[in-house]
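Hi,

Here is the structure I promised to pass on to you. Have a look at it first, and then read on for what turned up in it.

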Amino acid sequence: MQTMSSVLLHGRASWDRNLFPPDEFEERVAQVQAAMAREDLGGLLVAGNFLEYGNLAYLTGYLPWAGWSAAVVPAEGDITLVTGVGGGRELPVARTRTWVPDVRNLKNLNDALRDLLADRGISGRVGLASLGTLGSRLEQRIRAGLEGFACVDAGPLLARQRAALRSRELSAVREAASIAQRAAEALGLAHQKKRPNTAAAIDADYVARRDGALDVRILVNQDASGELQPVEDQSDFRSDTMVAYIAVNAMGYWADLGVTLGTGPLLDRARAAVEVMVRAARAGARASDVAAAASVPEAKRWGLGAALGLGLNLPPAIAADDHTDLVSDMVLSLRVRLPEAGGPGALATELVRVTPTGGVALA
Amino acid sequence: MSDIFSIRTGEARRMMARAGVDLLVAYSNGQHSMGTLDAVRWLSGFKPMSEAAVLLPKDGEAVLVVSPAWDEARAIKRGWVEEVVAGNDFAAAFEGAISKYGWGSAKKGLLGASRGLDPAVAGIDLDAQLERLAAVRDELELELMQQATDIAEKGYQHMLEVLRPGMREYELCAEIEHCVRSLGADDDFLLMAASRCHPSVRGAGDRVIDVGDVIIGEISPSAGGQFTQICRTAVLGPVSDLQREHHKLLADSMAAGMKAGRPGVKISEVVEAMNEGPIKAGYEKYCHPPYMRVRGHGLGLGSSMPGDLGPENQTVLEAGMTFVIHPNQFLPQTGYFMVGEPVVVTDEGLKPFTKRIATLDSVPA
């Protein structure tokens, strides 16, 4: 679901060397370089910011905490992480949070960037990915600095590499899911204690951060509209049925969870629709097939789910117009939100790993 | 309609008249920033989760376009704009609103367009004009900044109360976050870390906090969309003489900046006053990147003015401008210290929003 993002990731930020040792990234880079060779690419320039870092983090493990960063990937050999332009105050910290030995801060985006590409032996066709994360002005400056190179969109190349999560990535998603579950329990406890809905959401946020979340996004019903909303202030509103959506980021990987505290036919119906989608989420099926299986047209307004990993709403979307083929080890968040006149309705979710025989619960 | 919204739309319309445009398109991609202009929120009072736009004609009612569709109820509840158009496909909702109100051929002025507004929406970029227009803060912004600063100070006080050896950095960060959110903050730019000697500022990691650690933090909550920032340094255990000396050097630097800053003075002159003490003490090398970044910065909502407090900034201060002044930097042996206050420019100098100016605090271990 769409959530409210913060201005800064301010939870646990660290590189877990036990879960993601350098060999993990060496394999990823080698596979990407093999794909580059197939597409006759002399190099890649992959950008990211603190909210959209998937391609960058896949290659470097680095999660930009403010501003932007970029990876330069040559056809052969080691990659370079650029943490920005000017200053370099971030370098001592950045070097502790990436496996990449060559971490630099460029003097500028013109000569210095071209010099770096030349230094890494990059010429000819260069693949660009996620440059949109820089904002249009910076993107234009970088593209201008790359005059003379044949620039092509490398987004699809990286999307193919990242579609199926690797086993260590699945562990990170499970860790995020585990934290989300504990946050949901805190939410439930606060609800039992008759605390207002927004206070319960803040308690859940606290537990998630205390247990190691890098980022937490929570939506909760908090007024008579019954609609899910981010917490923007405290209110005394409390409802016997509370509905919340909790998304947790651990080590850059997301997991999410729908919570409906209450029972009733609406929740049963939402759960049943999710179960049908889980069974339909098999390798080879299309995302639109999974959406069709749900048979809950009234839930379409909120979306029926998406892929998860190094992003919260990654393609494919579980929607009638997304015909992407599902692949094994893709992780999907399947969701059914059913509205209710004068109430919060229900939200049921399941986090699944796609297998040849259907979705398997990940959490 | 909110009085403030009425005033802001009036100012925006005068800006439109000067630029010769018929329709103002203020765009947000739903990503927020502590230090930059947020035209949608400034004009509408609504904080979008995803793409949104305020369409303000030179005459008539404004329209707020939001996505996703199910966020419509919040837009109505939180925003000042009565006419809300919502859709899961923002581009379609935007085009629908333009078509419905017959604004297709209107000469447009654009705010926030560089953040991802469809390039097909042609118009005059008015970002610089709004930055200038909103540089002097209005009554609501000053009120919200005071609220946010009160929250920040309570957040820091809470940190001092719960800090103990054995905690991990991110656990301490969670405590601060919980405190400021419980007090009503809607966001927080929070950097906090522990070390014997910080090379620079960073976000919280796994480190187990130990006796003798220096805790540095930028606590920067937002209230109603208006950010503030306090910069603080504390030691878990006794403070050394050198730590005390270095902290005083930076506190004196900030005091010099606060004394120098007043209407008519350039930012570069404030920076010069702030650098004088550390340079005289033999630390000129450390008054430049990578040992520091800037001596402060704007805290945006309608405007990021007066911008970064750097030696090249020739912006002239005006009464009512706000920013954070922070001589945060690395010094040899003691490391990166943080000292900073949010201030408003007054005829008497820079007036802090904080009730307590930063001191080097010692927390019993």
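Helices and strands are named here as DSSP runs, a helix having at least four residues and a strand at least two, and they are numbered from the N terminus. Please keep in mind that this is a predicted model.

With that naming, A:R95 sits in the loop between α3 (91-94) and β4 (102-106) of chain A. Is A:R95 buried, exposed or partly exposed? It counts as partly exposed, because 16 other C-beta atoms lie within 10 Å, and a residue has to have 20 or more to be buried and 12 or fewer to be exposed. From A:R95 to A:A283 the separation is 188 residues in sequence, and their C-alpha atoms are 38 Å apart in space.

Now to the layout of chain A. It is split into domain 1, residues 22-162, and domain 2, residues 167-361. The centres of these two domains of chain A, taken over C-alpha atoms, are 32 Å apart. Where they meet, seven residues of domain 1 of chain A are in contact with five residues of domain 2 of chain A. On the domain 1 side, helix α2 (residues 54-60) of chain A contributes the most, with three residues. By class, that side of domain 1 of chain A consists of four nonpolar, one polar and two charged residues.

The nonpolar core is worth a look too. The largest one has 239 residues, and A:I246 and A:V248 touch the most other members. Helix α7 (residues 167-192) of chain A gives the most to this core, with eleven residues. As a general point, nonpolar side chains tend to be buried together in soluble globular proteins. Which residues does A:V248 contact, once its neighbours within four places in sequence are left aside? They are A:A176, A:I179, A:A180, A:A183, A:A208, A:A213, A:V216 and A:A255.

A:K194 has a positive phi, near 65 degrees, although it is not a glycine. It lies in the loop between α7 and α8 (197-210) of chain A, and it counts as exposed because it has 9 C-beta neighbours inside 10 Å. A:S295 is another residue other than glycine with a positive phi, here near 55 degrees. Its place is the loop between α10 (287-294) and β11 (305-309) of chain A. With 11 C-beta neighbours inside 10 Å, A:S295 is therefore exposed.

Over in chain B, there is an open sheet of three strands in the order β7-β10-β11, with antiparallel pairing. Its edge strands are β7 (187-188) and β11 (226-227) of chain B, each of which pairs on one side only. Strand β10 (residues 221-223) of chain B is joined to β11(B) by two bridges, and B:A223 has B:Q226 as its bridge partner in β11(B). Helix α6 (residues 139-162) of chain B lies across β10 and β11 of chain B, at about 140 degrees to β10(B).

Chain B also has cis peptide bonds to look at. One runs from B:S67 to B:P68, with omega near 0 degrees, and B:P68 is in the loop between β3 (63-66) and α3 (72-78) of chain B. Another joins B:M305 and B:P306, with omega about 10 degrees. B:P306 is placed in the loop between β13 (296-297) and β14 (322-325) of chain B.

Happy looking, and thanks for taking this on!

Terms used. Residues are numbered from 1 along each chain as its sequence is written. Chains are lettered from A and ligands numbered from 1 in the order in which they are written. This is a predicted model: local features need pLDDT of at least 70, side-chain atom pairs count only at pLDDT 80 or more; totals for chains, interfaces and linings use all residues. Two strands pair if DSSP finds at least two bridges between them. Two residues are in contact if their C-beta atoms, placed from the backbone, lie within 7 Å. Axes are lines fitted to C-alpha atoms, for helices over the stretch in contact, and angles run from 0 to 180 degrees between N-to-C directions. A nonpolar core is a set of buried Ala, Val, Leu, Ile, Met, Phe, Trp, Tyr and Cys residues joined through C-beta atoms within 7 Å. Domain bounds come from an automatic or database domain assignment. Ala, Val, Leu, Ile, Met, Phe, Trp, Tyr, Cys and Pro count as nonpolar, Asp, Glu, Lys and Arg as charged, and the others, Gly among them, as polar.
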